[in-house]
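Please read through the sequence and turn the model on screen before starting. The report below goes with both.

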Amino acid sequence: MKLTFSQAINQAFIDAMKSDEKVLCLGLGATDPKGVFNTTSGLEKLFGSQRVFDIPTSENAITGICVGLSIGGYKPVLTHQRLDFALLSLDQIINNAAKLHYMFGGALNCPIVIRMIIGRGWGQGPTHSQNLQMLFAGIPGLKVIIPGSAQDAYSQLRASIESPDPIIFLEHRWLHNSFSEIKLNHSSLDIREQSTVKEGSDITILATSYMLPESIKAANILEKYGISVEIINFRCYYFEPDEAIIKSLKKTKRLIIADTAQDCFSISYTLVEKIKNKIHLGSDKYSILAMPSVPEPTSYYLTKNFYLNYQDILNQVFKMLDIKNNFIEETSLDTIKHDIPGEWFKGPF
Amino acid sequence: MDENFRIRKILDMQELNIQEIKNLNYKLLMVMKRIREVELSISKEYKNQEIRCPVHLSVGQEAAAAAIALNINKTDYSVSTHRGHAHYLAKGGDLKAMISELYGKKTGCSKGKGGSMHLIDKEVGFMGTSAIVGNSIATGTGLAEAAKLNSKGQISVIHIGDGALEEGVFYESLNYACLKQLPAIYLCENNFYSVYSPLKVRQPPNRDISALAKAIGTKFSYKCKGNDPVNAHNIVQKAIYQCRNNYGPIFIEYETYRWLEHCGPNNDDNLNYRDQKEIADWREKDPIKILERKLTQKESKDYELYKVYIKNEIAEAFQYAKDSKPPNYIEAFTEIYSSK
Ligand SMILES: Cc1ncc(C[n+]2csc(CCOP(=O)(O)OP(=O)(O)O)c2C)c(N)n1
Ligand SMILES: [Mg+2]
């Protein structure tokens, strides 16, 4: 079945809520005509307003309420239309949800999923587009899931809902319209498993979130130049690098991490260090493509050259493989403006 | 005196403190009309895809801003929210700088860094807007404390929506303001919706918001029903007087209605999240139409000229914004800190 990322989230909700009546779906706009970019559309009709509901603009309290619901036997999935809004609930996330299992000596567990939408573009600006995955990944007790494809959206959301631990589920706004063939299964999925999306032999790209489709685009172009790229969908943050990553690097011996978050104090750097504990990587054999430590500006002109895309990946691959080339010709074919994911996007948010 | 010149003079008075015109109705109307025309022009221009940021327009909600405009001083402070254009203009914020900000230009009030949701004009005491619901309530309360410490009779006006009353920061800030008896006015534009969500899914039925503020400890708390601009003005005038005279923080609930979609340039009544009759009823209570009907013959003549004047003023501002130099992308990397 072919689904967009949004539809896949929606389908995951439907299947999870059918199979477990304790699952709840709540969030600002969860039942409104737009259904959080169509991810929650139709759910209220299917499951009723006791299980699917809109909420007051009270992020901190509602998060604590979700914790309470979870220790009372329910499985709430709370959605924030922007990660930035969830920042009001850091107390409940960090001092409560993340610590609950630990600080009561395992007596309690906290099966909640908090969806947060991250993004970029169309003047979202400094407080509507933050990719603060490092903030959550740095908190022991939270599992941070960051799907890169429609298939992930489905299977990782299902696995997240089944997880007994609190999950931060980060969806990139620019992925919502991407689509793929979806297998409606998830039961075999280890929530912390990365997935190899494309096999290759010259270089490994660990791509996170929206950088996954950009990496695939780059890899397809590189193919024409005889360069074989292996892409691993880096879709869960955990402090031990996955076996798939080590195996891949043993083969390609070169690594690019492509991230939507900033580089300083980042998950990417931590990961490189962890990888280097397991396998030798010379300093010219790895690099990180991530955002600068700068708030995202609003202006169309200021975001020019601000975002990373497939061209940055291409150039990085060339640099690391020591090939003199550039893809200016390719880029001139690009008519889509840098601040939108595609012609389908007309604003306003 | 040449009428055109008189009106120009009125507009040149930054605070829109239109003393020369005696008729309150007419003064309110002028301020509201200007705000509406600005908002409608943004709505019209948005379709050209040159304004590339979210915009939250105040069409239908101009009266609260106008009431403030006629009663606030330049030296007072004011802060607002995502829906802040009207409040910026009411405080005397520079129109060209605001439109340029929407176009992402260097001449914008935030140099293109902030967009529609981050307006500022320090010259006139407009100290910023926030894209995060509830965020500026605390900032505005802090400005009220600064005002109090300054002992110069300043006040701080905090514009909020009904949704902000659901955030803890509202209660924490109001508690603090009452505790410290700060000269703050919390002016809540209750338009009954937060995005597509009606009050009934967010707050208990029949809550009297102004009574709630009173229970927290404000000495005066007002409710202004039905989008009535003159009533709004009278309440705001009284509140500002009380606030300036050490009666502590004051809360005002102002009932109003948003005509366009929550975010963006269009009408979205086709989505049916708001009852058609409800929409029609509130459209009847258009504060601009109501006051237009009350103009004297002489004022009507003036008003025609005034409309031409603001039309030109707004066209000029848009032209200025479009002609302004775009910032260089390198500037995105500046001003992260104000020192080394
Ligand atoms: C903390 C936070 N939560 C959610 C949002 C998303 N949001 C933006 S505007 C808005 C509506 C707020 O409603 P209200 O305060 O009534 O203002 P109105 O838009 O009606 O003027 C919401 C929920 C946000 N910006 N910040
Ligand atoms: Mg509202």
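Predicted model: local features only at pLDDT ≥ 70, side-chain atom pairs only at ≥ 80, totals over all residues.

Two packed helices are described by the angle between their axes and the distance between the axes.

| Helix pair | Angle between axes | Distance between axes |
|---|---|---|
| Helix 2 (residues 24-46) and helix 5 (residues 95-102) of chain B | about 20° | 12 Å |
| Helix 2 and helix 12 (residues 297-323) of chain B | roughly 35° | within 10 Å |
| Helix 7 (residues 168-180) and helix 8 (residues 209-216) of chain B | about 50° | 9 Å |

Start with helix 2 and helix 5 of chain B. Their angle is about 20°, and angles under 35 degrees count as roughly parallel. Helix 2 of chain B and helix 5 of chain B are therefore roughly parallel to each other. The crossing of helix 2 past helix 5 in chain B is right-handed. Helix 2 of chain B brings B:R34, B:V38 and B:I42 to the contact, and helix 5 of chain B brings B:L95, B:M98, B:I99 and B:L102. By class, this contact of helix 2 with helix 5 in chain B has 6 nonpolar residues, 1 charged residue and no polar ones.

Now take helix 2 and helix 12 of chain B. Helix 2 of chain B passes helix 12 of chain B in a right-handed crossing. Residues of helix 2 in this contact include B:R34, B:V38 and B:I42, while those of helix 12 include B:Y303, B:Y306 and B:I310. Which classes of residue make up the contact of helix 2 with helix 12 in chain B? The contact has 11 nonpolar, 1 polar and 9 charged residues.

Helix 7 and helix 8 of chain B form another pair. Their axes pack at about 50°. That makes helix 7 of chain B oblique to helix 8 of chain B. From helix 7 of chain B come B:F170, B:Y171, B:L174, B:N175 and B:C178, and they meet B:L212, B:A213 and B:I216 of helix 8. This contact of helix 7 with helix 8 in chain B has 7 nonpolar residues, 1 polar residue and no charged ones.

**Where the chains meet**

The size of an interface is often given as the accessible area lost when the parts come together. Chain A and chain B bury about 3100 Å² between them, with 64% of it on carbon and sulfur atoms. In chain A, A:W122, A:Y301 and A:L302 lose the most area to chain B, and together they give 21% of what that side buries. The contact involves 38 residues of chain A and 39 residues of chain B.

**Salt bridges**

How many salt bridges cross the interface of chain A and chain B? The rule finds 1. B:R52 forms a salt bridge with A:D339, and their closest N and O atoms are 2.7 Å apart.

Over all chains, the whole structure has 29 salt bridges. One of them joins A:D165 and A:K143, with the closest N and O atoms 3.5 Å apart. A:D165 lies in the loop between helix 9 (150-162) and strand 7 (167-172) of chain A, and A:K143 lies in strand 6 (residues 143-145) of chain A, so the pair ties together parts that are 22 residues apart in sequence.

How values were computed:
Residues numbered from 1 in each chain as written. Chains lettered and ligands numbered in written order. Heavy atoms only, no water. Axes fitted to C-alpha atoms, helices over the stretch in contact; angles between N-to-C directions. Helix = DSSP H or I, 4+ residues; strand = E, 2+ residues; numbered from the N terminus. Parallel < 35°, antiparallel > 145°, perpendicular 65-115°, else oblique. Left-handed = near helix turned anticlockwise from the far one by under 90°. Contact = heavy atoms within 4.5 Å. Nonpolar A, V, L, I, M, F, W, Y, C, P; charged D, E, K, R; others polar. Buried area = accessible area lost by both parts, 1.4 Å probe. Salt bridge = Lys/Arg side-chain N within 4 Å of Asp/Glu carboxyl O.
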